[in-house]
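Here is a short briefing on a protein model. Take a look at the structure first, then read the points below.

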Amino acid sequence: MRKIILIIVFTYSSFLSAQFKEVRVSIDTQRLKENDRRSISTLKNEVTNFFKLNQWDEEYSDLEIGINIQLIFEGVADKGSEHLFSAQCLVSVGVDQRYFSKGIQFPYNMGQSIVPSVAIFEPLSSALEFFVYLALAGEADTYDHFAGTRFYEKAREIALRGISSQYRLGWKDRMEMVDLLTKYRETRLAKFHFYDAMSFIEENNLEGADIALNEMLKNFEKTFSKYPREHYSIIFLKGHAEVLSRMPDEIPSKLKILTRLSELDPDNKAKYQLGVGNKSR
């Protein structure tokens, strides 16, 4: 009886300290046969539990991240004694992180639990864990300069194990994804300064917000000067264009920042221009 109670307490405490508070999983099985759909009927719940019931890092135990995971199944293949599913995966974290990966291949049986793979490569859990660390890296970078680096390195280690495994499909692309995300150092700094500015605005420290927003702009300019229309930077700006357009009019550089952003990010020019119009009246 005591053992059961301890298990319940441990599970409950793990849930409370998990980094992912809101997990939404959708699974597209249109291309699968009925028997194969039945085989993965428990997968949605297992993926949800994988994110919610595990503590991924002690330092960032209170993040309460919201994450969406979409698995789009493409087919099934028999490899030896294994029944291998192949799927594409789309992951979005909040409004400013979005990752797409094709060619995820893994065996799965109905009712199979998914547990963290630690140092051993497991085709499904390792793929999910890869996205866990991308999400944590993106979040940690908003707390301090390059604080997400150690999470990116964990994602890179998983990708290396995937490339060396018998389930190597897609892992080279995921390795390149990590390489790109760590390569865009100025964008990582820009994200930090954006959230720094939002904190200053909440504290009504508009001078501090102005300095942080100018640092954000400077770093995005550096990114786009080297990599025009850089994909992950555009995703971030799209997620926050409206918030940026509604920054307080008392921020001295508001007009300059929004005018420049409308040039760097023309897809959201209309939103930036609304803020410009309010400031210029």
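By class, four nonpolar, one polar and three charged residues make up the lining of the largest cavity. The model is a predicted one. In it, the largest cavity holds about 50 Å³ of space.

**Cavities**
- The whole structure contains four cavities of 30 Å³ or more, according to a search.
- The largest cavity is lined by Tyr 152, Leu 181, Tyr 184, Thr 187, Arg 188, Lys 191, Glu 230 and Tyr 232.
- Helix α7, residues 185-202, gives the largest share of that lining, with three residues.
- A probe the size of a water molecule, rolled over the atoms, shows where empty space is left.

**Helix α10**
- Helix α10 spans residues 254-264, and its buried residues include Lys 254, Ile 257 and Leu 258.
- Leu 261, Ser 262 and Leu 264 of α10 are buried as well.

**The chain as a whole**
- Eleven helices and four strands occur in the protein chain.
- The chain has 281 residues, and 49% of them count as buried.
- Along the principal axes, its C-alpha atoms fill a box of roughly 70 × 45 × 30 Å.
- Among contacts in the chain with a separation of 6 or more, 65% come from residues 24 or more positions apart.
- The accessible surface of the chain is about 14400 Å², and carbon and sulfur atoms account for 52% of that surface.

Technical notes: Residues numbered from 1 in each chain as written. Predicted model: local features only at pLDDT ≥ 70, side-chain atom pairs only at ≥ 80, totals over all residues. Heavy atoms only, no water. 1 Å grid on protein atoms, 1.4 Å probe; cavity = no way out; pocket = protein on both sides within 12 Å on 5 of 7 lines; lining within 4 Å. Points joined across faces, edges and corners; volume = space filled by probe spheres on them. Helix = DSSP H or I, 4+ residues; strand = E, 2+ residues; numbered from the N terminus. Nonpolar A, V, L, I, M, F, W, Y, C, P; charged D, E, K, R; others polar. Buried < 20%, exposed > 50% of the residue type's maximum accessible area, 1.4 Å probe, protein only. Contact = heavy atoms within 4.5 Å. Areas by Shrake-Rupley, 256 points an atom, 1.4 Å probe, with all protein chains shown as cover.
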